[in-house]
Amino acid sequence: MEVPIEQILQDFAVIMIIASVMTLIFYRLKQPIVIGFIVAGIIIGPHTPPFSLIHNSDVLNLFAEMGVILLLFTVGMEFPIQKLRKIGRKAIIIASSEALGTLAIGFFTAQALGLGFYDSLFIALAISVTSTVIVMRVLGELNMMKEESATLILGTAIIEDIIIISLLAIFQSSGVSGDISVNEVIVSIAITIGFIAGVLIVGSKIVPKLIDVVARTNQHDVLIVAAVGVAFGFAFISFQLGISVAAGAFFAGVLIAESRSHAVTSVLATPVKDIFAALFFVSVGALMDFKLIPVFIVPALVLIGVSIGAKFLTVYLSSRLQKINNLTSARTAVGLSSSGGEIALVVAKGGIDVGAASAFILPMIGTMTIITTFISPYVIKYGWKFTERLRKDQKNIDKDPSDPDS
């Protein structure tokens, strides 16, 4: 159905005006700006009486998806290939431990709550996800993106997204056929490895040179169009391969970080990213239906508690086992302990779409997403501040020559 242009303009105007007012209020209150965006979405959304201030939520969802792509694209520009190689092995071990550990603990918890096998499986997979978008936004507000733990958090979150999406494909296949297909597992892993290898090996020889050629024109408008084109191109490729669009956009940013003109490109892309990232968080708030909370509040709170505990424990232990210092391990565990986000909803919907999971798990995961979206910025913000007391211990550890990280 065609949407009238005046409706799109009106919706966009309402979104940006309400969002600007709410973020100014939250800035004055010294609270995370992302919460201001979410509250703005709640105010204008269809679930808030007496009526919705926006006409078409599909347009909002489109803007939100663009926000995810542009946000992860600009984050990727902070992580050139050399930096990824440095954290690659550590991030893979942490992500695998976190995803699989939380999946196992979440599954048995859901079973204990009386849920069916596949309902438990998809719910456990959903709570294993970390909201990369929210974590990166909050760390950006805290000016912590340059910290070692922030680098480790992002690398782990990206790898975790890839693991979760791959497991989703396997679980969907299992739900349809009744058993887990070995071929499906092999194909999913091969596609993921092939995509990353293609990006890092082939893409690194083409994309940076292409961006540098465009940059020689000294035309900023041409450069930003080319860079955004690369971001959406890689997001489309990853989507077609069944991998998260966020992963594709992130690796597009990684490749542009290899170019000589990446600093200028990053500055040019930031305002565009900020607008669409705001739209993403507003859309999250707009889609929140608070009437669902009383129905699923008890199991949701139990699973949220289990998720936070399991993620913190698995991340902290796997970090310490790799001889990562106590401060970085604790901060990485805090940053990755928040579950939910857009991929959690994708997981829930994926289980329902193939008929493997019951329809009620979507509003249940939605209820959990509502709660975790609100508490995650505070968990990260105050958890990060709490770890400051570890700095004194860290200084003592750094003086120990036997510590490989010192």
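Here is a chat about a predicted model and a few of its residues.

Colleague: What do I need to know before I start?
Modeller: It's a predicted model, where local features need pLDDT of at least 70 and side-chain atom pairs count only at pLDDT 80 or more, while totals for chains, interfaces and linings use all residues. Residues are numbered from 1 along each chain as its sequence is written, and side-chain values use heavy atoms, with hydrogens and water left out.

Colleague: OK, how many helices and strands are in the protein chain?
Modeller: The chain has 16 helices and 0 strands. Both are DSSP runs numbered from the N terminus: helices are H or I with at least four residues, strands are E with at least two.

Colleague: And how much of the chain is buried?
Modeller: 53% of the 406 residues count as buried. Buried means under 20% relative accessible area, exposed is over 50%, and partly exposed is in between (1.4 Å probe, protein chains only).

Colleague: How many salt bridges does the structure hold?
Modeller: There are 2. A salt bridge here is a side-chain nitrogen of Lys or Arg within 4 Å of a carboxyl oxygen of Asp or Glu.

Colleague: Which residue pairs with glutamate 98?
Modeller: That's lysine 311, with the closest N and O atoms 2.7 Å apart. Lysine 311 is in helix α12 and glutamate 98 in helix α4 (residues 81-112), so the pair ties together parts 213 residues apart in sequence.

Colleague: What about glutamate 160, how far is it from lysine 311?
Modeller: Those two also form a salt bridge, and their closest N and O atoms are 3.6 Å apart. Glutamate 160 lies in helix α7 (residues 148-177), so its pairing with lysine 311 in helix α12 links parts 151 residues apart in sequence. Through shared partners, Glu98, Glu160 and Lys311 join into one network.

Colleague: Is lysine 311 buried or exposed?
Modeller: Buried, because its relative accessibility is 0%. Glutamate 98 is buried too, at 0%, and glutamate 160 also has a relative accessible area of 0%.

Colleague: New topic: where is serine 318?
Modeller: Serine 318 sits in helix α12, which covers residues 293-321. It counts as buried because its relative accessibility is 7%.

Colleague: What does the side chain of serine 318 reach?
Modeller: The backbone oxygen of valine 315, at 3.1 Å.

Colleague: And which residues is serine 318 in contact with, leaving aside neighbours within four places in sequence?
Modeller: Ile94 and Ser97. Contact means heavy atoms within 4.5 Å.

Notes:
A polar contact is a pair of N or O atoms within 3.5 Å; within protein, one must be able to donate a hydrogen and the other to accept it, and residues adjacent in sequence count only if both atoms are side-chain atoms.
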